[in-house]
Amino acid sequence: MLGLLLIAAQSTVAAPVQPATIPPIAAAAAKRSVQQDFEAAAALQAADNHAGALAAWEALEKRIPTNKRSLAIIHIRKANSLYELGRSDDAVTAARAGLAGLPAADATLQSDRYYGWTILARIAENALDYSGAAVAYRQAESIAPSDGDRLAVFRGLIETETFIDPDAATRDMARAEAFMAPLPLEAKNKAMLKRVKSQLLLNQGQFAAAQSEAGASVKLLGGLTAKTDLDDVASRSNYAIAALLGGKTEEARRYMAMTGAGRLNKGSFDPGTQMKVPDCGGEAGLRPEDMAVVEFYIVDDGRVVAAVPVYAAGGGAVALEFARAVRNWSFDPAQVKLMPNFFRYRARVELRCSTAFQRPAVSDYLDGDLGAWLTAKKIALPPLATGSDAVALPALRAQLAAIEAKEGGDALSLVPILHSLGKNEVVSREETNALERRALAILIANRAPATARLAVERVVWASNAADKWSSKRLAREMVPGLTMPVYADDAPARAALRLLLADLTRSFDERRASELLKQIGDDASLPANHPLRVGALIRLASLEQSQGDVESARAAFERSGLSANQCALLDAPPKRVSVGGTFPDEARMWGFEGWTEVQFDIAADGKVLNERAVVSYPPFIFSKAGRETMAGARYEKSYRPDGGLGCGGTSQRVRFMIGQ
């Protein structure tokens, strides 16, 4: 898991530590035997034999079924084994049961409480549920058994809050610095906190201050030397990004060169076999100007098993959406074997969304139907939020409490508040699930129309499990909805549900996604210009094109009723006549190699327009050069009566290699 690997690399105290003294286990019989078995299970866990430890914990559960205190302790340790085995949902259940069973008045169990909360925090952080992670880290911070444990929690708390509530992250950083100041900590631990602060400042647009803090972190780690480990890489990379964004190009290149990024002695770091950026629009409302830097971790079989946002222009929600997209990437296993550890554990890329097939958001349509129905019922809707979700949250909570006190807990007027809270980025996944389930029950009781109900139930499905980023998991949650009469018998609702499922399944089952989209396009119950039908046909065109079926792609796009001269929809796109651009001098000087994927349009006269880099490695190094390369390219002229685009929405990868 990336969270564990990165935390361990960043600080010697960053991973949760089990209590040094194991609490005694009481049992009606064979007390010594139970204690010995407990110690044996703990030893298996310490040796990373997670399957063996899980079996041992489960055996102990059966031996002491009525001892609530002892069971609670075992549940918490069992949660760690489950998590390490990839069973996150079961781990959350075990950790919650353990925390609930620990006697509140027993001060000797504080270490166990801390351990339980840190397990929940790690699961949420790795699942990109940063709101849930921040809640759990905050609980753990107040009961951390040692200074090192508390500093580790500050790391997780501030890094997650940076992308959901930067004001809270700023306050917690100040507390962390005050806490750390008098402690005789190792330089590595001080460097870790400096690095975390640099990332916070970077995302607040304070580039000079971010550069200063990252520089202090580098200095604490021994300076800009030829010796580089994963701690050095993160701090140096933060410095380079801050310097580049702040216009300090020469300093940035020097620090970037000393991260190892863009420099391989053997093997290659080419684009992955599956490396798609998300379409603009969609459920996250991504805009062409949004950008993020994401760091990811690749395992032996080529899968990206974890990704974390580093920086985003566009806000924390943008950062998390791009990180979720990277979780679906994959690389050639043979290529992975040749990668140095840096490229396995610390690769960073610069990302933007694709404008080739901008996707209307299904949630916007559903929420619109919900709002229209509530308005018809004379239910007031909350005002549109103008600030951050963190700023809006207290007012929403106060509104909810006021309506509950006045009208009761089942009032229809609660639905818009519950739904707004459920979609708030600062609310944890588990609380979101509880809020939206309440809203759903009220809607069912009031016989809400199918699309209004689906607006809420889709969020319930999305928040049912710990790994909320997983497309496969969410698809499994939603598939039964296809046969529920309330949705199956309503044309817009079944179209919306199929569209949501198609978006999910495209990343792992394109054939199934195509089937769902065709069902929507062929549904005679939907008007030809229905927004859900149009949205399905746009997606189908994109999918058919990616599979090489240009004719079907063109037919699907034409059925959408939209007019566009998509390169993807032409049998023979304009032929490239020449290409421009040069290898950046600074990159050559420092020995950088890299690549970009550039998206652009082609005018009828063959000139390139609207060029933009959508994927760049290393971040910011070749983005400009990639754009300039394609901006200087020329294509064959193509006749258009209106003189408009000859071809729009195409892309080209540009590699920057230094000759041997």
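These are numbered notes on a predicted model.

1. Basis. Residue numbers start at 1 along each chain as its sequence is written, and side-chain values rest on heavy atoms, with hydrogens and water left out. The model is predicted: local features need pLDDT of at least 70, side-chain atom pairs count only at pLDDT 80 or more, and totals for chains, interfaces and linings use all residues.

2. Confidence. pLDDT is the predictor's confidence in each residue, from 0 to 100. The chain has a mean pLDDT of 83, with 85% of its residues at 70 or more. Over residues 1-30 pLDDT stays under 50, and the model has 84 contacts beyond four places in sequence for that stretch; a contact means heavy atoms within 4.5 Å. Residues 568-572 also stay under 50, with 17 contacts beyond four places in sequence.

3. Disulfide. The structure holds one disulfide, a term for a pair of cysteine sulfur atoms within 2.5 Å. Cys-280 and Cys-353 form it, with their sulfur atoms 2.1 Å apart. The torsion about their S-S bond is about 85°, so the disulfide is right-handed. Cys-280 lies in strand S1 (residues 279-281), while Cys-353 sits in the loop between strand S4 (347-351) and strand S5 (354-359), so the pair ties together parts 73 residues apart in sequence. Helices (H or I, at least four residues) and strands (E, at least two) are DSSP runs, numbered from the N terminus. Both Cys-280 and Cys-353 are buried, where buried means under 20% relative accessible area, exposed over 50%, and partly exposed in between (1.4 Å probe, protein chains only).

4. Nonpolar cores. A nonpolar core is a set of buried Ala, Val, Leu, Ile, Met, Phe, Trp, Tyr and Cys residues joined through side-chain atoms within 4.5 Å. The largest has 77 residues, of which Phe-296 and Leu-351 touch the most other members. Apart from that core lies another, of 61 residues, including Leu-366, Ala-450, Ala-496 and Ala-541.

5. Helix H7. This helix covers residues 130-141, 12 residues in number, and its first and last C-alpha atoms are 16 Å apart, close to the 16 Å expected at 1.5 Å a residue. The expected span is 1.5 Å times one less than the number of residues. H7 is mostly covered, with nine of its 12 residues buried. Among them are Tyr-130, Tyr-137 and Glu-141.

6. Glu-39. This residue belongs to helix H2 (residues 31-46). Glu-39 counts as partly exposed because its relative accessibility is 41%. Glu-39 and Ala-56 are 17 residues apart in sequence, and their C-alpha atoms are 10.0 Å apart in space.
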